[in-house]
Amino acid sequence: MHKQGHFWIHSVLAIMLGLILVWGSIRLPSVTQSLVDGVGSVLYWLEKPAHELRLLVQSANNWVLERKTLHARVLELEAENLALRTAIQRMGWPVPEKAQNLLSAKVILRYPDAWWKDLRIDKGTRHGVRVGAPALSEGFLIGRVTRATETSAWVELITSSTFLMAAVVDKTRDLGVINGDDQGNVWLLYIPQEKKFERGMRLSTALVGELLPPGIPVGQIWGEGTPRDGFLPYKVVSGAHLTQLYGLQVLLGEEVRP
């Protein structure tokens, strides 16, 4: 009985307090608004740490999901690359004589968010590496040096959207420009729409400078893209395995012999 008495007393007091608040909100709206604002301000500062913690957890969760998505994408492209390379087995592509002066280097840095753009190697100017020198893997062009210090250098990959290099279709001797899309794909651009190339036609470098000799294999034509402005782009399959690069070779100038 004692507990029930307390219950009824609390209930009556709560009802009376509610009625007073309703009456006050009707008769004194400005005072009521001030009280509401004050309570809101107090609750804001009480809830702020929890809100910030929630945002931090969301950011961490999004970061993990993005990394998982990137990893899955890399694995997917790797499987596709292996399938394509199996389907179009190379048939004894010769390496140009100048390419015999190759410097082996290890890949020491490759950012996940720039996986298809560039990477850093452990050789630099001290070893004969120069800006503009081509980089090869398995005898195929995979990029060129864009920056170099004494002990390291950055190599821009052919899959980068900023990579532009003249290439020639070996069978027809037609010239085009190799360009990437930052997603692991390589395209042959500026081919007139009336030209028609077959799948499997080989591409190699054209003569564009002293550091890049002609005839270095690049890859093979895989298929047509979407025509634009009178030109028909062609998708190119690199002859090298670009998904995972642990090492590569830099073509040195003839006067440099480390």
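1. Start with a loop. Glu138 sits in the loop between strand E3 (134–137) and strand E4. Strands (E, at least two residues) and helices (H or I, at least four) are DSSP runs, numbered from the N terminus. Glu138 has a positive phi of about 60°, although it is not a glycine. Most residues other than glycine have a negative phi. Glu138 counts as partly exposed because its relative accessibility is 40%. The cut-offs are these: buried is under 20% relative accessible area, exposed is over 50%, and partly exposed is in between (1.4 Å probe, protein chains only).

2. A word on the model. This is a predicted model, in which local features need pLDDT of at least 70, side-chain atom pairs count only at pLDDT 80 or more, and totals for chains, interfaces and linings use all residues. Residues are numbered from 1 along each chain as its sequence is written, and side-chain values use heavy atoms, with hydrogens and water left out.

3. Now Arg173. Arg173 is not a glycine either, yet it has a positive phi of about 65°. Its place is the loop between strand E6 (165–169) and strand E7 (175–180). With 53% relative accessibility, Arg173 counts as exposed.

4. Strand E7 also holds Gly180. Is Gly180 buried or exposed? Its relative accessibility is 5%, so Gly180 counts as buried. Thr159 is 21 residues away from Gly180 in sequence, but their C-alpha atoms are 3.8 Å apart in space. Contact here means heavy atoms within 4.5 Å. Leaving aside neighbours within four places in sequence, Gly180 is in contact with Ile158, Thr159, Ser160, Ser161, Phe163, Asn185 and Val186.

5. Next, the core. The largest nonpolar core has 43 residues. Such a core is a set of buried Ala, Val, Leu, Ile, Met, Phe, Trp, Tyr and Cys residues joined through side-chain atoms within 4.5 Å. Which members touch the most other members? They are Ile178, Leu188 and Leu248. Strand E4 (residues 140–148) gives the largest share of this core, 4 residues. In soluble globular proteins, nonpolar side chains tend to be buried together.

6. Not counting residues up to four places away in sequence, Leu188 touches residues including Val177, Ile178, Phe197, Ile221, Tyr234 and Val236.

7. Then the aromatic rings. The whole structure has 3 aromatic pairs. Rings of Phe, Tyr and Trp (its six-membered ring) pair if their centres lie within 6.5 Å; planes under 30 degrees apart count as stacked, over 60 as edge-to-face and the rest as tilted. Tyr111 and Trp154 are stacked, 6.2 Å centre to centre with 20° between the planes. Tyr111 lies in the loop between strand E1 (102–109) and strand E2 (118–121), and Trp154 lies in strand E5 (residues 153–157), so the pair ties together parts 43 residues apart in sequence. Tyr111 is partly exposed at 41% relative accessibility, whereas Trp154 is buried, with a relative accessible area of 13%.

8. Phe197 and Tyr234 form another aromatic pair. Their ring centres are 5.1 Å apart and their planes are at 40°, so the pair is tilted. Phe197 is in the loop between strand E8 (186–189) and strand E9 (202–205), while Tyr234 is in strand E11 (residues 234–238), 37 residues apart. Phe197 and Tyr234 are buried.

9. Last, a helix. Val12 is found in helix H1 (residues 2–27). Val12 counts as partly exposed because its relative accessibility is 42%.
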